[in-house]
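Here is a short note to read beside the model. The points go from single residues to the whole chain and back again.

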Amino acid sequence: MNKQETAKILAVIKQTYPAFYYRQSEDDIKKSVNLWQSLFEDDDAVIVGAALKSFIVSDASGYPPTPGQIKEKMRLIMHPDHLSEADAWQAVKIAMRNGIYGAEEEYAKLPEEVKWVCSVSDIRDWAKMDTEDINTVVQSNFLKGFRRRQEQLAQVEMLPSSVKRMIATKRDSVKEIEDKSC
């Protein structure tokens, strides 16, 4: 999103929540535009606008949105097909049916989002467990891990691209150091 598009987005926010912006100086407005533009520099203005509209129609607090709230709405708009916790657990339960002898094959069929939370050996071990333990302890732990991973991915996705690039550069530097020391 460029500065002009960012200014339009902020104008909509100002128009919708006038009580919060009536004393803003020209300098304050410029600073806000620069900040929001830096946070949404690689985002499509149409998606940001749709996220803002979504926020406005669902907001009951009466407070203007933060950049993080808009990023969250954008994530929901761009990824409406994210796997739910219930669907993730159902996929694991299906994999466990043949998990004793076919754990590798069943694991390979799992969605990537689920694979981040369990392993082939988990599928095999869970297939051998008592149903009551599966439906209580294992399910609870799996869902907790799945939820935590989804939250982590959402947080990373909402980072500005400049921060993502910085993280990638640092990660590459660490990997290079590790490779040289081995």
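1. Start at serine 161. Setting aside neighbours within four places in sequence, serine 161 is in contact with Glu41 and Asp42 (contact: heavy atoms within 4.5 Å). Serine 161 sits in helix 10, residues 161-181. Helices here are DSSP runs of H or I with at least four residues, strands are runs of E with at least two, and both are numbered from the N terminus. The relative accessible area of serine 161 is 16%, so the residue is buried. Buried means under 20% relative accessible area, exposed means over 50%, and partly exposed lies in between, with a 1.4 Å probe and protein chains only.

2. A word on the basis. This is a predicted model, in which local features need pLDDT of at least 70 and side-chain atom pairs count only at pLDDT 80 or more, while totals for chains, interfaces and linings use all residues. Residues are numbered from 1 along each chain as its sequence is written, and side-chain values use heavy atoms, with hydrogens and water left out.

3. The overall fold. The chain has 10 helices and zero strands. Its radius of gyration is 22 Å, well over the 16 Å that the globule rule gives for 182 residues, so the chain is more spread out than a compact globule. That radius is taken over C-alpha atoms, and the rule is 2.2 Å times the number of residues to the power 0.38. Along the principal axes, the C-alpha atoms fill a box of roughly 70 × 50 × 25 Å.

4. Burial and surface. Of the 182 residues, 31% count as buried. The chain exposes about 11,800 Å², by the Shrake-Rupley method with a 1.4 Å probe; for residues, only the protein chains shown count as cover. Carbon and sulfur atoms supply 55% of that area. Among contacts with a separation of 6 or more, 68% join residues 24 or more positions apart.

5. How do helix 1 and helix 3 cross? The axes of helix 1 (residues 3-16) and helix 3 come within 10 Å and cross at roughly 10°. Axes are lines fitted to C-alpha atoms, for helices over the stretch in contact, with angles from 0 to 180 degrees between N-to-C directions. Helix 1 and helix 3 are therefore roughly parallel. The cut-offs are under 35 degrees for roughly parallel, over 145 for roughly antiparallel and 65 to 115 for roughly perpendicular, with the rest oblique. Helix 1 contributes Glu5, Ile9, Val12, Ile13 and Thr16 to the contact, and helix 3 contributes Ala45, Val48, Gly49, Leu52 and Ile56. By class, the contact has seven nonpolar, two polar and one charged residues. Ala, Val, Leu, Ile, Met, Phe, Trp, Tyr, Cys and Pro count as nonpolar; Asp, Glu, Lys and Arg as charged; the others, Gly among them, as polar.

6. Isoleucine 56 deserves a look. It lies in helix 3, residues 45-58. Isoleucine 56 is partly exposed, at 25% relative accessible area. Beyond four places in sequence, isoleucine 56 touches Val12, Thr16 and Tyr17. Isoleucine 56 and isoleucine 13 are 43 residues apart in sequence and 8.7 Å apart in space, C-alpha to C-alpha.

7. Next, phenylalanine 20, in the loop between helix 1 and helix 2 (26-39). Its relative accessible area is 42%, which means partly exposed. Outside four places in sequence, phenylalanine 20 is in contact with Gly62, Tyr63 and Pro64.

8. Which residues of helix 6 are buried? In helix 6 (residues 99-109) they are Gly99, Gly102, Ala103, Glu106 and Tyr107. Their cover includes helix 5 (85-97), helix 7 (112-115) and helix 8 (120-127).

9. Valine 117 is in the loop between helix 7 and helix 8. With 21% relative accessible area, valine 117 is partly exposed. Leaving out neighbours within four places, valine 117 is in contact with Asp122, Phe142, Gly145, Phe146 and Arg149.

10. Finally, helix 9 (residues 131-158), where glutamine 150 is found. Glutamine 150 counts as buried at 17% relative accessibility. Not counting residues up to four places away, glutamine 150 touches His82, Leu83 and Glu113. Methionine 158 is also in helix 9, and at 15% it counts as buried. Methionine 158 is in contact with Gly68, Lys71 and Glu72, leaving aside neighbours within four places in sequence.
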